[in-house]
Amino acid sequence: MTSKAPANDLAELKQFVVAQATSQGITPEQYGAVLDGVVDDGDGGPGSWVRGWTEAGERLEKEGRLLEAGRFYTMARFPYPSGSARREAEERARSVFARWASGFPGIERLEVPTPAGPVAAWAGGLSAENPKPLLLMSGGIISLKEQWAPVLLQLAEFGLAGVVTEMPGVGENPLPYDLSAPALLPAVLDAVAGRADTSRTYALALSFSGNLALHAALGDRRIRGIVGAGLPVHDFFTDRAWRATVPRVTVDTLAHLARTTSDRVFEELGPLALDHRLLNAVDVPVALVASARDEIIPPSDTERLRRSVRSLRLRVHDDVHGSPRYFPQTRLWTLLSVLRMTGEHLPQRLALAEQLRTLDRG
């Protein structure tokens, strides 16, 4: 842990890691204990961001709590592996997850061929003898596939196969984040064709992955529905006034994924903006969770979806980006939305809807 890494704004790291930690089941007491000891963003020294999260992960790993340890290693590499300490933390997150997954024959590692090289993914429920409809999952610009892959174990009860991959530039995805990035989704479907019913694919694509899913759905009829949360559409990429307010940690992470500089990244990503004409051409159902006080995604992008997408189901939480205070509701609502799109599994849908009503009431 000796290489020099560019420091992030520590206050922003502490602010924006909360949604990520909450989504992974890390409690306020757990992440609070780590954050209280973090005094700088050095590359692994005492009191640094990486050291604090890594040491917490090491304690869990020694106790054999591999899945939990991986979550802390993932927070240590947040927001992206900018130096040797963060790169090592990311490797450890992958390693402990692979050890955990080895105990579950239903989960397999998958490599998707692309022109830039293989993209690694995790898959579950694939079967040439009994191909099931596919749930294709991807997180945002800071999410490793290992964060979401445990969901693969739960899909069998809903009659679904699943693949979890990463945004271009994240983790083991060697693709650049640029206008070619939406091609990743069709490549994943090609890779599992024959072991899943890819003609019935539903994309659970969070944050920036949701933008890619909308692009992909315009050209790939296999995608039958999109469920997203906090996704950029148009003004995030084009509105100069809004762009000036986007947190530095987000801009720097986007620049890393796009292989450009922070002062050039919005110009580079501008072609990913979806105007009314393109959104109106999306002829599959879309379900979206939006945050009313989102610091990253402008409210005008949610409104653009409301005006332009033919079939939109929208849920708005009074929270910041990622709606960390409403994560249990988001988890239930996104799964319920996928099942509604399939048109099947009515008993499970009714049970999920009742759970959601209970959470909303209390």
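User: Hello! What should I keep in mind about the numbering and the model?

Analyst: Residues are numbered from 1 along each chain as its sequence is written, and side-chain values use heavy atoms, with hydrogens and water left out. The model is predicted, so local features need pLDDT of at least 70 and side-chain atom pairs count only at pLDDT 80 or more, while totals for chains, interfaces and linings use all residues.

User: Why is H3 called roughly parallel to H5?

Analyst: Helices here are DSSP runs of H or I with at least four residues, strands are runs of E with at least two, and both are numbered from the N terminus. The axes of H3 (residues 49–62) and H5 (residues 84–101) come within 10 Å and cross at roughly 20°. Those axes are lines fitted to C-alpha atoms over the stretch in contact, with angles from 0 to 180 degrees between N-to-C directions. Angles under 35 degrees count as roughly parallel, over 145 as roughly antiparallel, 65 to 115 as roughly perpendicular and the rest as oblique. H3 is therefore roughly parallel to H5.

User: Which residues make that contact?

Analyst: On H3 they are Trp-49, Val-50, Thr-54, Glu-58 and Glu-61, and on H5 Ala-85, Arg-86, Ala-89, Arg-92, Val-96 and Arg-99; contact means heavy atoms within 4.5 Å. By class, there are five nonpolar, one polar and five charged residues. Ala, Val, Leu, Ile, Met, Phe, Trp, Tyr, Cys and Pro count as nonpolar, Asp, Glu, Lys and Arg as charged, and the others, Gly among them, as polar.

User: What makes H2 and H3 oblique?

Analyst: H2 (residues 28–36) and H3 pack at about 140°, with their axes 9 Å apart. H2 and H3 are therefore oblique to each other. In this contact, Tyr-31, Val-34 and Leu-35 of H2 meet Trp-49, Gly-52, Trp-53 and Ala-56 of H3. That gives six nonpolar, one polar and no charged residues.

User: How do you know what counts as a cavity, and how many cavities of 30 Å³ or more are there?

Analyst: On a 1 Å grid over the protein atoms alone, a cavity is a set of points where a 1.4 Å probe fits but cannot get out, whereas a pocket is an open set with protein on both sides within 12 Å along at least five of seven lines; lining residues have an atom within 4 Å of a point. By this rule there are two cavities of 30 Å³ or more. The largest cavity holds about 90 Å³, and H4 (66–76) gives the most to its lining, with five residues. The second largest cavity holds about 40 Å³, and its lining has seven nonpolar, two polar and no charged residues.

User: Which residues lie nearest the centre of the second largest pocket?

Analyst: Ala-290, Ser-291, Pro-298, Pro-299 and Thr-302 do, out of 16 lining residues. Strand S7 (286–291) and helix H14 (299–308) each supply at least two residues of the lining.

User: What about the backbone: where is the cis peptide bond, and which residue has a positive phi although it is not a glycine?

Analyst: The cis bond joins Phe-78 and Pro-79, with omega about 0°, and Pro-79 sits in the loop between H4 and H5. Ser-207 has the positive phi, about 55°, and lies in the loop between S5 and H8.

Note on methods:
Grid points are joined across faces, edges and corners, and a volume is the space filled by probe spheres set on the points.
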